[in-house]
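Student: I have a sequence and a model open side by side. Could you show me how to read the features one at a time?

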Amino acid sequence: TGSSGSDRITYDTSLAVSGTAEAGSAVTVYRQGPADPAPVSVGTATADGGGAWSVALPAAVPAGVQRF
């Protein structure tokens, strides 16, 4: 949660990332923060029959700007 619901800023360190993809396809989520020289895989999900997928990040997200 941040100061605004639309600023894309959060102080919540336990996150889930979700979206849609082709049904049955594998989706891998990567995170890259200021201390990471390269993107780091944080999880993989398989899109369900409707294409929905979700990955709950397995560890607290480090402070700072993170790109997914």
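**Reading a buried arginine**

Tutor: Gladly! Let's begin with Arg-31, which counts as buried because its relative accessibility is 11%, and the cut-off for buried is under 20%. Keep in mind that this is a predicted model.

Student: Which strand holds Arg-31?

Tutor: Arg-31 belongs to strand E2, which covers residues 26-31.

Student: What does Arg-31 form a salt bridge with?

Tutor: For a salt bridge, look for a side-chain nitrogen of Lys or Arg within 4 Å of a carboxyl oxygen of Asp or Glu. Here the partner of Arg-31 is Asp-36, with the closest N and O atoms 2.7 Å apart. The count for the model comes to one salt bridge. Arg-31 also uses its side chain for a polar contact with the side chain of Gln-66, at 2.8 Å.

Student: Let me step back to the fold. How many helices and strands does the chain have?

Tutor: Zero helices and four strands, so to speak a β-β-β-β pattern when you read along the sequence. The C-alpha trace spans about 35 × 30 × 15 Å along its principal axes.

Student: How do I read strand pairing, say for E1 and E4?

Tutor: Look at the direction of the two strands and at the bridges between them. E1 and E4 pair in the antiparallel sense over five bridges. For one of the partners, take Ser-18, whose bridge partner in E4 is Ser-54.

Student: Is E1, residues 16-20, well covered or hardly covered?

Tutor: Hardly covered: of the five residues in E1, the count of buried ones is zero.

Student: Where do nonpolar side chains tend to be in soluble globular proteins?

Tutor: They tend to be buried together. In this model, the largest nonpolar core has nine residues: Val-27, Val-29, Val-42, Ala-45, Ala-47, Trp-53, Val-55, Leu-57 and Val-61. Strands E2, E3 (40-46) and E4 each supply at least two residues of this core.

Student: Which contacts does Val-42 make, leaving aside its neighbours within four places in sequence?

Tutor: Val-42 is in contact with Val-29, Tyr-30, Arg-31, Val-55, Leu-57 and Pro-58. Val-29, Val-55 and Leu-57 are also among the core residues.

Student: Now E4. Is Trp-53 buried or exposed?

Tutor: Trp-53, found in strand E4, is buried because its relative accessibility is 13%. Beyond its neighbours up to four places away, Trp-53 touches Val-17, Ser-18, Gly-19, Thr-20 and Ala-21, and also Val-27, Val-29, Ala-45, Thr-46 and Ala-47. From Trp-53 to Ala-21 the C-alpha distance is 7.4 Å, although they are 32 residues apart in sequence.

Student: And is Ala-56 buried or exposed?

Tutor: Ala-56 is also placed in E4, residues 52-56, but it counts as exposed because its relative accessibility is 59%. Its contacts, again leaving aside neighbours within four places, are Leu-15 and Ala-16.

Student: What percentage of the residues in the chain are buried?

Tutor: Of the 68 residues, 22% are buried. The chain exposes about 4700 Å², with carbon and sulfur atoms supplying 54% of that area. As for contacts between residues at least 6 apart in sequence, 52% join residues at least 24 apart.

Notes
Residues numbered from 1 in each chain as written. Predicted model: local features only at pLDDT ≥ 70, side-chain atom pairs only at ≥ 80, totals over all residues. Heavy atoms only, no water. Buried < 20%, exposed > 50% of the residue type's maximum accessible area, 1.4 Å probe, protein only. Contact = heavy atoms within 4.5 Å. Areas by Shrake-Rupley, 256 points an atom, 1.4 Å probe, with all protein chains shown as cover. Polar contact = N/O pair within 3.5 Å; in protein donor to acceptor, adjacent residues only side chain to side chain. Core = buried A, V, L, I, M, F, W, Y, C linked by side-chain atoms within 4.5 Å. Pairing = 2+ DSSP bridges.
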